[in-house]
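Student: Hi, could you walk me through this protein?
Tutor: Happy to, let's open it up.

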Amino acid sequence: QGQGSVNFPVKYKAIVFRPFKGEVVDAIVREVNKVGIFCEVGPLTCFISRHSIPADMVFNPDMECYQNQDEGIVVQKEDEIRLKIIGTRVDANDIFAVGSLMDDFLGLIS
């Protein structure tokens with residue numbers, strides 16, 4: 001009373017997460033197998049094909065990980081990695097992306 005404030009009901013749509021091709025993001029590894037790595041970037045599920053993983057990293061079926069023999073780098077479930085998004089697909093209720101580790105400063109975050 002006597003304050004001069006006004007309330008307006010407002011409806012809006014907001015994009016709170018929209019990945020772009022070429023964007024570099026940090027992700028959590030959820031699954032590792034011989035075809036590649038599945039990881040999550042918030043609500044985004046991302047797949048990294050073995051063809052988009054550096055050639056010096058090979059799949060170790062015993063440990064279910066990709067490892068580099070020279071430097072001792074191991075990428076396994078629950079690790080945090082940095083990747084580049086190379087493609088996206090948006091369905092009605094889901095977002096999916098394809099990523100790559102084939103660039104400078106990408107891979108395991110130590």
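Predicted model: local features only at pLDDT ≥ 70, side-chain atom pairs only at ≥ 80, totals over all residues.

Tutor: We'll chat about strands, then the core, then the cysteines.

Student: OK, strands. How many bridges join β1 to β2?
Tutor: Five bridges join β1 to β2, and the two run antiparallel. Strands here are DSSP runs of E with at least two residues, numbered from the N terminus, and two strands pair if DSSP finds at least two bridges between them. Val-29, for instance, has Cys-39 in β2 as its bridge partner.

Student: What links those two strands?
Tutor: A hairpin, which joins β1 to β2 through two residues.

Student: And how do β2 and β3 pair?
Tutor: They pair in the antiparallel sense, over six bridges. The bridge partner of Phe-38 in β3 is Phe-47. β2 and β3 also form a hairpin, with two residues between them. Look for Gly-42 in that turn, which has a positive phi of about 60°.

Student: Which strands form the open sheet?
Tutor: Three strands do, in the order β4-β5-β6, with antiparallel pairing. β4 (57-60) and β6 (74-75) are the edge strands, each with a single partner, so one side of each has no neighbour in the sheet. Two bridges join β5 (residues 65-68) to β6, and Gln-67 has Val-74 as its bridge partner in β6.

Student: Switching topic: which residues touch the most others in the largest nonpolar core?
Tutor: Of its 20 residues, Ile-37, Cys-39, Ile-48, Ile-53, Ile-81, Leu-83 and Leu-101 touch the most other members. A nonpolar core is a set of buried Ala, Val, Leu, Ile, Met, Phe, Trp, Tyr and Cys residues joined through side-chain atoms within 4.5 Å. Buried means under 20% relative accessible area, exposed over 50% and partly exposed in between, using a 1.4 Å probe and protein chains only.

Student: Which elements give two or more residues to this core?
Tutor: Those are β1 (24-33), β2 (36-41), β3, β7 (80-90) and β8 (95-100). The largest share, four residues, comes from β1.

Student: Where is Ile-53?
Tutor: Ile-53 is in the loop between β3 and β4. Its relative accessibility is 3%, so Ile-53 counts as buried. Leaving out residues up to four places away in sequence, Ile-53 touches Gly-36, Ile-37, Ile-48, Tyr-66, Leu-101 and Met-102; contact means heavy atoms within 4.5 Å.

Student: And Ser-52, buried or exposed?
Tutor: Ser-52 is buried, with a relative accessible area of 13%. The loop between β3 (44-49) and β4 holds Ser-52. Beyond neighbours within four places in sequence, the contacts of Ser-52 are Ile-86, Gly-99, Ser-100, Leu-101 and Met-102.

Student: Last one: how many disulfides?
Tutor: The count comes to zero disulfides, where a disulfide is a pair of cysteine sulfur atoms within 2.5 Å. Cys-46 is in no disulfide, and the nearest cysteine sulfur, that of Cys-39, is 4.4 Å away. For Cys-65, also in no disulfide, the nearest cysteine sulfur is that of Cys-39 too, 16 Å away.

Student: What is the relative accessibility of Cys-46?
Tutor: Cys-46 has 0% relative accessibility, so it counts as buried. Cys-65 is buried at 0% as well.

How values were computed
Residues numbered from 1 in each chain as written. Heavy atoms only, no water.
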